[in-house]
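Colleague: I would like to learn how to read a fold. Could you walk me through one, feature by feature?

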Amino acid sequence: MCAGRASFWIAAIGLMFASRALAYDGPLVDGHAHWGGSFDTHAVIERYRSAKVVAQLVMPRYLGTIQDLATTDERVLQLAAEYPAEIFVLAGMQRPDFTFMNWDSPNANALKILIEIDQKLIDRKVYGIGELLVRHWAYAGDGGKVGQHAEIDKPLDSVFFRMIAALALKHDVPLVIHMEGYPRLVRQLEAVLGQMPQLKLIWAHGCGRLNAEIIRKLMDTLPMLYCDLSNMTNTGGYGSGWPRAEEFTARMEEKGVWLEAYRKLILDNPDRFYIGMDVAHRSRWDMQQGNTFEERVNRTRELLKQLPEPIALKLAYANVVQIFRLPLDMQ
Ligand SMILES: [Zn+2]
């Protein structure tokens with residue numbers, strides 16, 4: 001009995017070491033973070049530090065509810081001043097003004113916000129613009145019409161998108177978009193980027209959750225297109241087909257193993273991807289199990305370990321630092 005128990009523990013400890021050896025354990029930079037007014041600052045910072053996610057690129061969320069308040073660029077810039085090596089800010093785009101507006105007829109309020117963003121970029125307070133919600137699926141069970149969970153369906157090939165893109169071009173900073181990969185939107189993206197080839201466009205969540213073959217074709221023709229892999233681990237979020245999936249919605253991994261075509265895509269385009277966690281809501285910090293921050297981090301580490309080390313380091317932090325020119329010394 002005793003011997004049996006001992007061998008159980010030896011096996012368990014062996015497994016523990018084996019699984020540790022199977023995960024990248026170096027620093028990560030979260031290339032797709034959000035902040036809201038209900039976040040517990042110290043708790044969130046502590047969670048990042050414990051997980052060895054050494055810095056985060058924050059996209060302030062202006063959309064909110066009573067339980068999950070909105071925030072502003074200004075408030076997150078204050079946080080960045082408190083944690084200057086850990087928090088870097090983009091000009092927030094998840095705004096009610098943009099969500100409920102006709103993008104071919106931008107209103108005065110939207111123009112005023114763009115002028116404010118122009119100033120933040122002139123002052124070098126922010127490192128880019130995002131996350132612009134172009135095509136966003138409502139979260140399950142919330143009716144899809146209100147707050148941060150809204151169903152959003154905007155044209156990329158539109159006056160307003162071009163205005164934001166022009167701002168990004170003027171300051172030579174990246175623009176991050178959320179856009180589920182409908183074929184008609186892929187065509188719009190090709191048309192717009194064809195006219196604005198200098199625009200550094202980060203298409204979040206594995207380029208709208210497209211499959212490796214389509215991403216490869218786009219990357220071959222659009223040299224400034226990047227995919228962030230935020231929330232694309234198959235742990236319950238976007239990488240699991242949540243909150244819904246269409247024919248064009250793909251995964252990048254199953255059970256902690258890359259789909260081979262996806263891994264090959266990354267190996268062939270190692271400068272075009274970076275990782276991110278995308279914890280956008282207070283409820284996701286509070287939840288005890290499921291697609292938690294730590295679950296996403298751990299799965300990301302397992303996946304990185306399956307890439308050659310120099311490429312793993314690019315995805316872990318080097319690419320995001322370079323693309324956004326973050327003043328972050330990772331040596
Ligand atoms: Zn998103």
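This is a predicted model: local features need pLDDT of at least 70, side-chain atom pairs count only at pLDDT 80 or more; totals for chains, interfaces and linings use all residues.

Colleague: Let's begin with sheets. In what order do the six strands of the open sheet lie, and what is the pairing?

Modeller: The general idea first: strands of a sheet pair through backbone hydrogen bonds, either parallel or antiparallel. Here the six strands follow the order β5-β4-β6-β7-β8-β11, and their pairing is mixed. At the edges stand β5 (152-153) and β11, each of which pairs on one side only.

Colleague: How many bridges hold the neighbouring strands together, for example β4 and β6?

Modeller: Strand β4 (residues 129-136) runs parallel to β6 and is joined to it by four bridges. In that pair, R135 is opposite M179 of β6. On we go along the sheet: β6 (residues 175-179) pairs with β7 (residues 201-203) in the parallel sense, over three bridges. Two of the partners to look for are L175 with L201 and V176 with I202. β7 and β8 are also parallel, with three bridges, and W203 has C227 as its bridge partner in β8. Finally, two bridges link β8 and β11 in the parallel sense, where C227 stands opposite F273.

Colleague: Next, the faces of a strand. Which residues of β6 lie on one side and which on the other?

Modeller: As a general idea, in a regular strand the side chains alternate between the two faces of the sheet. In β6, one side carries L175, I177 and M179, while V176 and H178 are on the other, and all of them are buried. Five of the five residues of β6 are buried, so this strand is largely enclosed by the rest of the structure. β8 has both faces covered too: L225 and C227 are buried on one side, Y226 and D228 on the other.

Colleague: What kind of unit do β6, α7 and β7 make?

Modeller: A right-handed β-α-β unit, in which helix α7 (residues 183-195) goes with the strands β6 and β7.

Colleague: There is a three-stranded sheet as well. What are its order and pairing?

Modeller: This open sheet has the order β1-β2-β3 with parallel pairing. Its edges are β1 (28-35) and β3 (87-89); each has a single partner strand, so one side of each is left without a neighbour in the sheet. From one strand to the next, the twist averages 30 degrees. β2 (residues 53-60) and β3 run parallel and are joined by three bridges, with V58 opposite V89.

Colleague: How do I read the core? Which residues touch the most other members of the largest nonpolar core?

Modeller: In soluble globular proteins, nonpolar side chains tend to be buried together. The largest nonpolar core here has 87 residues, and V58, L90 and L175 touch the most other members. Helix α13 (residues 309-324) gives the most to this core, with eight residues. For V58, the contacts beyond four places in sequence are A33, H34, W35, V76, I87, F88, V89 and L90.

Colleague: And a helix? Which residues of α10 are buried?

Modeller: In helix α10 (residues 260-268), the buried ones are Y262, L265 and I266. They span an arc of only 95 degrees around the axis, which means they sit on the same side of α10. The face turned away from that side carries the exposed residues E260, L267 and D268. As for packing partners, the buried residues of α10 pack against α9 (212-221), β10 (257-258), β11 (273-274) and α13.

Colleague: To finish, two single residues. Is N319 buried or exposed?

Modeller: N319, which is in helix α13, is buried, because 22 other C-beta atoms lie within 10 Å, and 20 or more is the cut-off. Leaving out residues up to four places away in sequence, N319 touches D271, F273, Y274 and K314.

Colleague: Where is P223 found, and is P223 buried or exposed?

Modeller: P223 is in the loop between α9 and β8 (225-228). P223 counts as exposed because there are 11 C-beta neighbours inside 10 Å, and the cut-off for exposed is 12 or fewer. The C-alpha atoms of P223 and N102 are separated by 30 Å, with the two residues 121 apart along the chain.

Notes. Residues are numbered from 1 along each chain as its sequence is written. A nonpolar core is a set of buried Ala, Val, Leu, Ile, Met, Phe, Trp, Tyr and Cys residues joined through C-beta atoms within 7 Å. Two residues are in contact if their C-beta atoms, placed from the backbone, lie within 7 Å. The arc is that of the directions from the helix axis to the C-beta atoms. Two strands pair if DSSP finds at least two bridges between them. A crossover is right-handed if, with the strands pointing away from the viewer, the path from the first strand over the helix to the second runs clockwise. Axes are lines fitted to C-alpha atoms, for helices over the stretch in contact, and angles run from 0 to 180 degrees between N-to-C directions.
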